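Trainee: Can you take me through this one? I have the sequence and the model open.

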Amino acid sequence: MHGEYKVPGGKLVVADVNLEEGCLSEVSISGDFFLEPDSALNLINEALTGLPETSSHKTLAAAIDEALDEDVMMFGFSAEAVATAVRRALGKASSWLDHQFTLIPPVTLPAAEHAALDEVIADSVAKGLRGPTLRFWDWDDSVVVIGSFQSVKNEVDMAAAKEANVQVVRRATGGGAMFMEPGNCITYSLTVPTSLVDGMSIEKSYEFLDAWVLAALAEVGIKAYYKPLNDIASAQGKIGGAAQKRFANGVVVHHATLAYDIDANKMLQVLRTGREKLSDKGITSANKRVDPMRSQTGLTRTAIIDAFMNQFTQAYQTQVDDYLPQELSAARALVETKYLTEEWLYKVT
């Protein structure tokens with residue numbers, strides 16, 4: 001069995017392995033990395049030989065680390081990278097190129113329904129009803145979408161939200177609040193098997209799953225970078241942020257919201273944390289806006305979304321499709337039974 005892993009910013013690691021009675025045998029690690037002394041490569045192969053094929057990423061990496069002396073120097077790769085290559089050879093981990101992705105262009109739905117679709121699409125991917133899916137949100141209502149673990153009273157001025165006709169919805173993923181009016185930001189959800197981020201820390205998986213969008217931003221003229229844990233930024237400041245949830249069914253939902261052209265004054269009225277975050281930027285006037293995507297690109301929101309979709313389809317095997325009828329009906333049911341209930345909204349008061 002054969003597996004490969006290209007370390008981000010590093011070298012290629014290749015694993016060729018056989019199995020004998022459920023254990024690794026004839027292990028051969030290779031690649032364009034650098035390793036001193038040469039004899040350490042045999043130690044890596046020997047450390048992996050005999051381990052059960054069910055060994056976790058952590059177990060494989062730990063076996064390699066234990067076998068190597070402190071004077072061994074690994075350049076462009078690591079024990080964790082070798083473990084990933086081995087797990088890919090065994091079919092326990094996967095790469096972008098192992099999957100056929102479905103791309104769903106923007107469909108206008110209530111924002112609460114999009115929040116529910118994150119959960120519904122995760123179930124569809126887990127059951128094999130669809131492959132890994134990238135979908136773009138579009139909505140025609142004004143809403144604050146708060147993270148799964150945020151306090152309503154700490155994040156949102158509910159009286160101001162009601163007065164401004166802004167709905168408040170709690171989503172399934174963690175992270176911070178998103179102030180969303182029609183056309184003011186770009187939001188997408190990427191739903192993939194956990195095998196794609198096998199062995200990665202939460203921090204590394206965020207950047208890994210958004211690598212394509214950094215390339216797309218470069219295409220539209222924004223030199224963006226990831227600011228740990230989950231912020232996408234440029235030289236002019238923060239552009240957006242990501243959130244993630246790993247479901248027990250073996251699926252990860254990763255989404256991001258990037259500011260296109262936000263009414264800062266209205267956001268400050270509704271979001272309590274927004275007041276604090278923007279106070280040091282001098283954004284107190286009703287005339288001020290948060291518009292990093294619009295001002296830095298000069299492009300329409302639609303043109304930027306098209307550039308994002310083009311980048312993804314060029315990078316990965318992709319087919320354009322739509323929501324399944326049963327997914328939309330399941331999402332609408334979840335909106336009524338969960339996402340717009342007081343119990344769910346105030347699960348953290």
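Mentor: First a term: buried means under 20% relative accessible area, exposed over 50%, and partly exposed in between, with a 1.4 Å probe and protein chains only. This is a predicted model, where local features need pLDDT of at least 70, side-chain atom pairs count only at pLDDT 80 or more, and totals for chains, interfaces and linings use all residues. Residues are numbered from 1 along each chain as its sequence is written, and side-chain values use heavy atoms, with hydrogens and water left out.

Trainee: OK. F136 and Y188, buried or exposed?

Mentor: Both F136 and Y188 are buried.

Trainee: How many aromatic pairs are there?

Mentor: The structure holds 13 aromatic pairs. Rings of Phe, Tyr and Trp (its six-membered ring) pair if their centres lie within 6.5 Å; planes under 30 degrees apart count as stacked, over 60 as edge-to-face and the rest as tilted. For F136 and Y188 the ring centres are 5.9 Å apart and the planes are at 55°, so this pair is tilted.

Trainee: And which strands do those two sit in?

Mentor: F136 is in strand β7 (residues 133-138) and Y188 in strand β11, so the pair ties together parts that are 52 residues apart in sequence. Helices (H or I, at least four residues) and strands (E, at least two) are DSSP runs, numbered from the N terminus.

Trainee: Which residues do ring pairs link into a cluster?

Mentor: W96, F101, F136, Y188, F208, W212, F308, F312 and Y316.

Trainee: Which charged ends sit over rings?

Mentor: K245 has its charged end over the ring of F247, 5.3 Å from the centre. R301 has its own over the ring of W139, at 5.4 Å from the centre. The test is that NZ of Lys or CZ of Arg is within 6 Å of the ring centre and within 35 degrees of the ring normal.

Trainee: Switching to sheets. What is the strand order around β8?

Mentor: The order is β9-β8-β10, an open sheet of 3 strands with mixed pairing. β9 and β10 are at the edges with a single partner strand each, so one side of each is left without a neighbour in the sheet. Two strands pair if DSSP finds at least two bridges between them.

Trainee: How many bridges join β8 to β9, and how many to β10?

Mentor: There are 4 bridges to β9 (residues 167-170), running parallel, and 3 to β10 (residues 178-180), running antiparallel. I146 has R170 as its bridge partner in β9. V144 stands opposite V168 in β9 and has F179 as its bridge partner in β10.

Trainee: Which way do the β8 side chains point?

Mentor: In strand β8 (residues 143-146), V143 and V145 point one way, V144 and I146 the other, and all are buried. In a regular strand the side chains alternate between the two faces of the sheet.

Trainee: What about the sheet with β1?

Mentor: That one is an open sheet of 3 strands too, in the order β1-β2-β3 with antiparallel pairing. Its edge strands are β1 (2-6) and β3, each pairing on one side only. β1 is joined to β2 (residues 12-20) by 5 bridges, and E4 has V14 as its bridge partner in β2.

Trainee: Which residues does S30 touch?

Mentor: S30, in strand β3 (residues 23-31), touches L12, V13 and V14, not counting residues up to four places away in sequence. Contact means heavy atoms within 4.5 Å. S30 is partly exposed, at 30% relative accessible area.

Trainee: Last one: how many disulfides?

Mentor: The structure holds 0 disulfides, a disulfide being a pair of cysteine sulfur atoms within 2.5 Å. C23 is partly exposed at 23% relative accessibility, and C185 is buried at 1%.
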